[in-house]
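Here is a quick walk through one protein model, written for someone who would rather look at the structure than at a table. Keep the viewer open while you read.

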Amino acid sequence: MRLNFAGFAFDSDTREVFRNDTAVPVSPKAFELLELLIRNRPRAVSKSEIHEQLWPKTFVSDASLSNLVAELRAAFGDDARRPAILRTVQRFGYAFIAEAHAPRRESRREPAFRLVWETREIGVPAGETLFGRDDDAAIWIDDAGVSRRHARIVVDGGRATLEDLGSKNGTFVNGTRVARPVRLADGDRIQVGRATLVFRELSQVRSTQTQRSGQALPATSRRK
């Protein structure tokens, strides 16, 4: 369980409390008390129930519990007279009263890639996308200057890498011949034979009208 409250972050899995990414020192037993009160919020938990949970079948004085409450209040800067986090319920027990909420989860989406070729946009999925004149090529280019298995783009872990497969006439990125695998960036221009394709990320794909016509031979693209 993870919760944010009053500028603090509580994590029951790691058994830690943070403030601005800095760990707040809390003893193990004080953390158990805090977790108990948080799980039962906003209900007030009686002293007898707290004793049963924190010290089962063991006799301890009320002072032990009071010391744990004082430790938590000192760690949080909470005023016992005007509490904002831990409230004392006279002759009964304690309650967690701070407004708490689960931290917002950041959405993580793998970037989607495209190749812009004249007026077409070709999706580049995870795994291998092959360029060439081979029947298995996902991007088939009808050009005698293109090898059967000319080059490939490999998408893995949100990254797209271009690799020449030992082609006779080479593969070029932004005018430079590819000698080793190259990580692609949005806007990179890939040349295979007389075909020029522009690499795009989905969030930054621009209109295909920006591409000049006549840069590639008539060809087809296909995804299997």
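## The big picture

First things first: this is a predicted model. The protein has 3 helices and 20 strands. Of its 224 residues, 39% count as buried.

How much of the contact list comes from residues 24 or more positions apart? Taking the contacts with a separation of 6 or more, such pairs account for 45%.

## A six-stranded open sheet

One piece to find in the viewer is an open sheet of 6 strands. Reading across, the order is β10-β9-β19-β18-β15-β16, and the pairing is antiparallel. At the edges sit β10 (residues 120-124) and β16, each of which pairs on one side only.

Now step through some of the neighbors. Strand β9 (residues 113-117) pairs with β19 in the antiparallel sense, over 4 bridges, and R114 stands opposite R200 of β19. On to β18 (residues 189-192): this strand also pairs with β19 in the antiparallel sense, again with 4 bridges. Here V192 stands opposite A195 in β19. Further along, β15 and β18 run antiparallel and are joined by 3 bridges, with F172 opposite Q191 of β18.

## Strand β19, seen from its residues

Is β19 enclosed or open to the outside? Of its 7 residues (195-201), 6 are buried, so the rest of the structure largely encloses this strand.

T196 and L115 are 81 residues apart in sequence, yet their C-alpha atoms are 9.7 Å apart in space.

## How the helices pack

Two packed helices are described by the angle between their axes and the distance between the axes. Start with α1 (residues 28-39) and α3 (residues 62-76): their axes come within 9 Å and cross at roughly 85°. That angle is why α1 and α3 count as roughly perpendicular to each other. On the α1 side, the residues in contact are K29, A30, L33 and L34, and they meet L65, L68, V69, E71, L72 and F76 of α3. Sorted by class, the contact of α1 with α3 has 8 nonpolar residues, 2 charged ones and no polar ones.

The other pair is α2 and α3, which pack at an angle of about 90° with their axes 11 Å apart. They, too, are therefore roughly perpendicular to each other. From α2, K47, I50, H51 and L54 meet D62, L65 and L68 in α3. This contact of α2 with α3 has 4 nonpolar, 1 polar and 2 charged residues. L65 and L68 of α3 turn up in the contact with α1 and in the contact with α2.

## The buried face of α2

Which residues of α2 (residues 47-54) are buried? They are I50, H51 and L54. Looking down the axis of α2, these buried residues fall within an arc of 100°, so they line one face of the helix.

As for what covers them, the list includes α1 and α3, along with strands β5 (45-46) and β7 (93-96).

A few spots in the loops are worth checking by eye. R41 and P42 are joined by a cis peptide bond, with omega about -5°. P42 is found in the loop between α1 and β5.

K57 has a phi of about 55° and lies in the loop between α2 and α3. At 90% relative accessibility, K57 counts as exposed. N174 has a positive phi of about 55° as well, and N174 is found in the loop between β15 (171-173) and β16 (176-177). With 46% relative accessibility, N174 counts as partly exposed.

How values were computed
Residues numbered from 1 in each chain as written. Predicted model: local features only at pLDDT ≥ 70, side-chain atom pairs only at ≥ 80, totals over all residues. Heavy atoms only, no water. Buried < 20%, exposed > 50% of the residue type's maximum accessible area, 1.4 Å probe, protein only. Helix = DSSP H or I, 4+ residues; strand = E, 2+ residues; numbered from the N terminus. Pairing = 2+ DSSP bridges. Axes fitted to C-alpha atoms, helices over the stretch in contact; angles between N-to-C directions. Parallel < 35°, antiparallel > 145°, perpendicular 65-115°, else oblique. Contact = heavy atoms within 4.5 Å. Nonpolar A, V, L, I, M, F, W, Y, C, P; charged D, E, K, R; others polar. Arc of directions from axis to C-beta.
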